[in-house]
Each structure stands twice: as structure tokens, then as C-alpha cells.
Amino acid sequence: MPQWRTGLTKSLHASRSMPESRYFQLATADKDGVPYCRTVVYRGLSDDNKLIVISDTRTEKYNQLSQQARAQGCWYFSKTREQYRFSVNATIVTENEDRALIEAHWAKLSDAGKKQFLWGDPGTPRNNGLPLQITGDYSVAPEHFCVILLDIFNVDYLNLRGNPQYRELHRRDEMGNWVSQSIVP
């Protein structure tokens, strides 16, 4: 197991009582290179060290990652004062690629979470401020539901406790092995 993953597991455990510890920032770029950053919900870490998030194929995030798979995540844990910056390559999985994965992540959502995917097309005008209406059946994943696997190739870890702070860089080499180096913060 990579050293950064052990640290992340400890950070998640230490912060488990804080709801905000389930969220991290994901930065993408559009076709013109304009950066976009948004908060996403952490849905797990695969056995092969990929961060898992879910999304909707009708969003800008999907379009941007479809055009440029490279992205960066930034996760700050206020309780432990630790920051992880992940450089990633994104793979978008739809029901056409892996129905079992889609169904597994859909099943983990609450009913309220599932209904969010049935409010209409993201980014379109809202209906005069009235409550959003559900269109469709949320017992099955809609075709626009997707899972995004963020394949990590670099991790920049910073611990802000203490003086001086502590920083490490972790990178996956050409053989797939993780190399770590402590650096000046």
C-alpha cells in the first residue's frame, strides 16, 4: 500500500465525525484551458488507488473530463490540519462500460441523492423558483448517471501542524511503483 494511502486512511479516520471531511475539490479545464473547480463527494478508494466520485453525463465536469482527462484534487482536513493534492487521470464509467459498477454506486445513494439525478438537465433555467420536480423512476440508475475513477499519479502532502510544517511528494514511477520524498514545505 502506498505511503500516502496509509496517511489518507488515517486522516479520514481521525476526521470521520466531521461531515465536511467527505468532500474534496476537483479542478478540471475546459477545451480552451479555462480552469473550473468544484466540490465533489468522496465515494471511496478502489483497490488500485483510484478515488471514486459519481456524476451526471449532462454536466460541465463530464464534458471537461471527456476532453481532458487530467485533473487535480485538493483535500483539506481541518481537524488534522493536513492537505492532500492529487494529480489524476480521470476515467468516466457509464452503464455501457460497467453496469455492475454503476448499479453498485447507485444502490449506495439515499433516495434523496437518487432524486437529484432526476430534477432535469443541470445548468438549465429553473421553473420560476417552484420546487424541483422528479421526472423518472429512481429505483434504477438513469443512463446519465456515471462513476468517475480518478487514477492518482502524484500526491503532494502537507501537514500544517508544528513549526516547521511537514511536506512529502509521492509519485508513481514508470514501473507503477510509488516513490516518496520529504521536501521543504
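Colleague: What kind of model is it?
Modeller: It is a predicted model.

Colleague: How many helices and strands in the chain?
Modeller: Four helices and eight strands. Along the sequence they run α-β-β-β-α-β-β-α-α-β-β-β.

Colleague: What box do the C-alpha atoms fill?
Modeller: Roughly 55 × 35 × 35 Å, along the principal axes.

Colleague: And how many of the 185 residues are buried, as a percentage?
Modeller: Buried residues are 40% of the chain.

Colleague: What share of the contacts joins residues 24 or more positions apart?
Modeller: 59%, counting contacts with a separation of 6 or more.

Colleague: New topic. Where is leucine 160?
Modeller: In the loop between β6 (145-159) and β7 (166-172).

Colleague: Is leucine 160 buried or partly exposed?
Modeller: Partly exposed, because its relative accessible area is 26% and buried means under 20%.

Colleague: Which residues does leucine 160 touch, leaving aside neighbours within four places in sequence?
Modeller: Tyr76, Arg81 and Gln165 are in contact with leucine 160.

Colleague: And how does serine 78 sit relative to leucine 160?
Modeller: The two are 82 residues apart in sequence. In space, their C-alpha atoms are 9.8 Å apart.

Note on methods. Residues are numbered from 1 along each chain as its sequence is written. This is a predicted model: local features need pLDDT of at least 70, side-chain atom pairs count only at pLDDT 80 or more; totals for chains, interfaces and linings use all residues. Side-chain values use heavy atoms; hydrogens and water are left out. Helices (H or I, at least four residues) and strands (E, at least two) are DSSP runs, numbered from the N terminus. Buried means under 20% relative accessible area, exposed over 50%, partly exposed in between (1.4 Å probe, protein chains only). Contact means heavy atoms within 4.5 Å.
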